[in-house]
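Work through the exercises below with the sequence and the structure open beside you. Try each task by yourself before you read its solution.

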Amino acid sequence: MNTAFKVTKYQLYYSYKGVMAFYAIIFLIASATAVLSIKASGKVTFGGLGAATVIFLFIAGLDWFKSSFKFTMANNVPRREFYYGTMAAFVILAAFMALVDTVLSGILSLIISYESLVVQLYGSSTYLAGLLWSFGLYTLFVCLGWFITMIYYRANKLMKIIITIIPFVTGILFGYIERQTGGVMSRAILDFIGRAMGFAYNNNTYMATFSFLAAAAVLLSFCFLLIRRVPVKD
Amino acid sequence: MNTIEIKGITKYYGDVKALDNVTFTMEKGKIYGLLGRNGAGKTTLLNLITNRIFPTEGEIRIEGGSIYENDKMLRNIFYMTEKNLYPGDEKLKNIFKWTRQFYPAFDIDYAKGLAEKFGLNINKKVKDLSTGYGSIFKAVTALASNTGIIIFDEPILGLDANHRDMLYKELLANYSQNPRTIIISTHLIEEVAQVLEEVVIIKEGKLVTKQPVEELLSGAYTVTGEASRVNRYIEGKKHIGGETIGNVKTVIVLEDINNKNKALAKELGIDFSKVQLQRLFISLTN
């Protein structure tokens, strides 16, 4: 576990420049918006902070495998330690960014007309519920990015093409089945999303947090299977 | 510590058999040369020893313990690969710091001292290094790792004669101060022969021999002379690598040097000489 902890340190070191750059831009935009909003008597607003973080973490997840895996391989780190260490780094980073976003959202909502992503979706939320919801969502997306990049890393050329085509084929098939069944599948999916996100349970954000973390756990389980015997590739 | 046991290792890449039932043991505290022609399976074997890839069949154990995902064992091995696995945007001095995280015995001061000796600027980024300095950087990192087993895969790639000489000297100095198991895989056999204690020769994925260098060289000698006379001398003797230039023939006789037939050689007017490791290697692997 000591080695896994060192991997966590390295992974956080590897990502901190990107995180700092991201928040530098966010703070700049938020500050400019706040100043403009005060000058324009609240007519200028700012939004999408949570969505921006989700996109950032998804891309970070995509970028978070090859280079660090090769470096840890150069240091003879077992794959299991790399996996646990990286997982811990994801959790720490998701928690840190959820905390920063929650604090920033709180400050912004006092100065300008601002609603965080969780408030926009659920109407209202306590700081704790919002923090946990963001943490779950961020963890899910960083894991999703990692999972996708790992699939591509493991796949040969033919598999890469198949994996790239699958979403399009699925979309076409989905559309066909929808037309044939009169929208049964989309209703079932929306119903499932409504339940998983807690909308069906009186806008329960904790339900969504649980769903996000459960989905992240499923993705990480697949990641473990993918990484277990992964070779070093160029 | 640090005895490496390779037991019945076979490795397939798709349909290609890279290693075929290889079995041998490397004793602790020796400098080994892993020799073989291109594609013989040397790097595959080194990758297997360090858990980078996994065998199709067989097992590798270090001091009795399996190396499969074994962090304790792997902490005691440093593997300098031919390929660069370090992030290109990172400065060398930062890589030294991170290497110390994973190898607590890594000696940063020694690494810095070596870098200075070789004229390696540790403020440079990995991607800015030439092939030669890339090799020097990796070799310096390996030497400073202070692990019980250090593996070098083509450590002299791109190095000029001066740097190669310096590296051999540093390697010997490092070894004499702290004896450990060192494995060197290289194509420049004659140069590296001076530092090797034992050689492991692989041909087309199979083990040809594993012997102390001295023993290997004392088990063969070269005969040179007029072709027909050399042919007469080698009649009934096991020999390899016949090479004829004009009327002069050179053959390596696989016989203990103490069993040379000096009287016959004198009668035939042929000469004996010591066999060189590289010549023997070429003959054994051709």
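Two strands pair if DSSP finds at least two bridges between them, where strands (E, at least two residues) and helices (H or I, at least four residues) are DSSP runs numbered from the N terminus. This is a predicted model, in which local features need pLDDT of at least 70 and side-chain atom pairs count only at pLDDT 80 or more, while totals for chains, interfaces and linings use all residues. Residues are numbered from 1 along each chain as its sequence is written, and chains are lettered from A in the order in which they are written.

**Exercise 1. The sheet of chain B**

Task: Find which residue of β13(B) stands opposite Glu243(B), and then work out the order of the strands in the sheet.

Solution: Begin with β12(B) and β13(B), which pair in the antiparallel sense over five bridges; here Glu243(B) stands opposite Thr250(B). The hairpin of these strands has two residues between them, and Gly246(B) takes a positive phi near 65° in it.

Next, turn to β11 (residues 221-226) of chain B, which pairs with β13 (residues 248-253) of chain B in the antiparallel sense over six bridges, and note that Tyr221(B) stands opposite Val253(B).

Now put the strands together: the open sheet has four strands in the order β12-β13-β11-β14 (chain B), with antiparallel pairing. The edge strands, each of which pairs on one side only, are β12 (239-245) and β14 (271-274) of chain B. From one strand to the next the twist averages 20°.

**Exercise 2. Helices on the sheet**

Task: Which strands does helix α9 of chain B touch, and across which strands does helix α11 of chain B lie?

Solution: Two residues are in contact if their C-beta atoms, placed from the backbone, lie within 7 Å, and angles, from 0 to 180 degrees, are taken between the N-to-C directions of axes, which are lines fitted to C-alpha atoms, for helices over the stretch in contact. Helix α9 (residues 227-234) of chain B packs on the sheet and touches β11, β12 and β13 of chain B, its direction making about 140° with that of β11(B). Helix α11 (residues 277-285) of chain B lies across β12 and β13 of chain B, at about 110° to β12(B).

**Exercise 3. A helix of chain A**

Task: Is helix α8 of chain A largely in the open or largely buried, and what span should its 13 residues have?

Solution: A residue is buried if 20 or more other C-beta atoms, placed from the backbone, lie within 10 Å of its own, exposed if 12 or fewer, and partly exposed in between. Of the 13 residues of α8(A) the number buried is zero, so this helix lies largely in the open.

For the span, multiply 1.5 Å by one less than the number of residues: helix α8 (residues 184-196) of chain A should span 18 Å, and its end C-alpha atoms are 18 Å apart, which agrees. Just after α8(A), Gly198(A) takes a positive phi of about 85°.

**Exercise 4. One residue of chain A**

Task: Decide whether Asn2(A) is buried or exposed, and say in which helix Asn2(A) has its place.

Solution: Asn2(A) is in helix α1 (residues 2-39) of chain A. Asn2(A) has 11 other C-beta atoms within 10 Å, and is therefore exposed. The C-alpha atoms of Asn2(A) and Lys157(A), 155 residues apart along the chain, are separated by 36 Å.
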